[in-house]
Amino acid sequence: MEEADREVLLQAASLFPPPPGIRFAYGTAGFRYNGLLLSSTVFRVGVLAALRSLKTRSVTGLMITASHNPASDNGVKVADPGGGMLTQEWEPFADAIANAVNAENFVQLIDEFIKKQGILCGDTYSGVVLVARDTRPSGEELLSAAIQGIGAVKGVMAVDMGILTTPQLHWMVRSRNKGMPATESDYYMQLSSSVKILMSARPKVQKLGPHIEGVVVDGANGVGAKKLYTLQQFLEGIEVNIRNSGREGEGGLNDSVGADFVQKEKITPSGFGGDDVGKRCASLDGDADRLVYFYISSPEKKGVELIDGDKILTLFAIFIKQQLDSIYNQEKMESSPAVRLAQNPSNEECHSIALGIVQTAYANGASTRYLRELGLEIVFTSTGVKYLHEKATEYDIGIYFEANGHGTILFSEKLLLWLKAFNEELSSASTEQRRAVQRLLAISSLINQAVGDALSGLLLVEVILHYMGWSIQTWNTLYQDLPSRQLKVKVADRTSIVTTDAETRVVRPLGLQEAIDSEVVKYSMGRAFVRPSGTEDVVRVYAEALTQEEADSLGQAIAMHVRQFVGLESSM
């Protein structure tokens with residue numbers, strides 16, 4: 001970095017001194033904290049996003065949001081050129097610069113990193129960072145800090161995309177780098193045109209039932225509701241009624257509303273009650289990257305029947321499998337070049353389309369069992385969206401979801417090219433095979449392949465339910481979740497627990513896994529695992545069994561073994 005550029009960065013950084021006594025850590029959610037204490041961090045992440053654009057010679061993104069956290073919190077995270085999260089290799093650098101004690105130390109770290117990475121500042125390439133925020137009160141001031149951070153790096157420009165959902169910004173970054181239209185209007189038009197194709201290609205079925213033709217959406221009083229109102233203007237054939245939209249009198253952001261609240265508490269969000277019995281309802285989270293469904297079975301009950309991410313994944317998997325079966329059934333891949341996805345140049349061996357379901361150990365065992373009975377391939381990864389997403393890219397079609405409602409579907413470029421070519425080959429035919437190809441292409445356009453997106457996910461669920469002729473109650477009967485219990489055990493050092501096999505088995509301390517196994521065999525449909533927390537000195541315990549009483553008992557027994565092997569204090 002030239003001296004003049006270094007001085008510009010130093011002066012800009014001096015305007016954003018870090019708050020004393022706070023240690024920031026970059027994780028899946030980026031940095032999150034009280035919004036009034038984040039200006040320094042957001043400025044510095046702006047610099048990081050600019051450097052990332054120069055390093056990759058691509059458009060990157062910076063989103064200001066704290067998702068399902070209270071309105072007083074805020075956060076910042078970076079979108080990589082592919083539209084996904086910041087590469088893990090840069091996370092330690094993010095931690096280092098966020099915690100630099102002063103502007104001089106910060107600039108020194110930047111200078112060293114630029115040299116180490118071989119980043120060219122101020123050459124012929126002009127970097128671009130798309131920036132956006134959600135509706136939080138602190139967002140506007142933090143957005144200004146981000147733009148100043150980006151502008152302090154020579155040769156990089158910030159483009160303010162305004163107020164967006166997190167998935168919209170990630171979609172725009174991915175689209176810009178693929179040379180595709182990438183405005184907010186383009187987003188709505190792509191989703192709505194895909195819905196139109198899917199709705200027109202559905203069979204004529206009976207209505208879903210009285211009073212449940214449309215979906216009632218809890219918008220968490222956040223940005224998702226605001227954008228859903230706009231999306232409605234583009235839609236045909238899908239009825240959406242929005243509540244908790246953030247308008248005056250509807251309550252606060254994430255205050256007893258939203259996907260996180262409904263999924264964890266399993267009770268009705270504010271704005272819903274006895275008049276909604278039997279209706280198909282959905283909840284977005286604060287920045288619209290999570291989605292869960294629910295319905296109220298009785299006006300006397302405050303609880304809800306939850307349709308979580310596992311069941312959303314299952315619905316998507318069933319529908320996609322049906323389309324693949326329609327392709328296979330009419331023309332076997334092994335006998336026709338027309339249905340050949342790929343060829344090995346050496347022997348022209350044909351390969352079928354690889355559909356993979358990616359879960360973590362927290363997925364309910366009943367969902368895994370049901371998907372396996374359908375003949376689907378299930379793989380597990382460590383906990384965290386970045387691991388799920390990475391694994392899903394290994395398939396022609398990879399589907400992943402966490403129980404909290406965050407997930408998406410990924411289509412390989414190889415498969416999309418084949419589907420488009422095969423669709424052209426069948427252009428003169430009006431067959432179920434061609435319609436299945438067209439549905440898969442429409443799904444690939446509807447679903448947000450950058451990150452989990454509650455708006456695109458909501459539309460895909462609605463399309464599939466209409467296609468199947470299913471009510472939400474029918475959907476819920478696919479399988480019955482096994483009762484589960486999650487506990488936390490305080491320990492002196494969480495790193496004393498070491499796991500393997502996607503965090504389902506303990507390899508250290510010796511003997512703990514054998515103790516867990518000895519407890520699990522005592523219970524019908526028993527399953528349990530432990531894993532160290534990534535953020536605090538606790539060990540997390542998960543247990544499930546045939547009844548809630550058994551799940552509770554198994555969880556407590558496992559927690560007792562953790563305390564005996566690792567040390568201290570009671571479970572929480």
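The protein chain has a secondary structure that comes to 18 helices and 19 strands. Its radius of gyration is 25 Å, close to the 25 Å that the globule rule gives for 572 residues, so the chain is as compact as a globular protein of that length. The model described here is a predicted one, and the points below move from the whole chain to a single residue.

**Extent and packing**

- Taken along the principal axes, the box that the C-alpha atoms of the protein chain fill is roughly 70 × 65 × 65 Å.
- Of the 572 residues in the protein chain, 58% are buried.
- Among the contacts in the protein chain with a separation of 6 or more, 70% are accounted for by residues 24 or more positions apart.

**His561 in its helix**

- His561 lies in helix 18, the helix that covers residues 548–566.
- The relative accessible area of His561 is 10%, and because buried means under 20%, His561 is classed as buried.
- When residues up to four places away in sequence are not counted, His561 touches Leu512, Ala515 and Glu519.

How values were computed. Residues numbered from 1 in each chain as written. Predicted model: local features only at pLDDT ≥ 70, side-chain atom pairs only at ≥ 80, totals over all residues. Heavy atoms only, no water. Helix = DSSP H or I, 4+ residues; strand = E, 2+ residues; numbered from the N terminus. Rg over C-alpha atoms; globule rule 2.2 N^0.38 Å. Buried < 20%, exposed > 50% of the residue type's maximum accessible area, 1.4 Å probe, protein only. Contact = heavy atoms within 4.5 Å.
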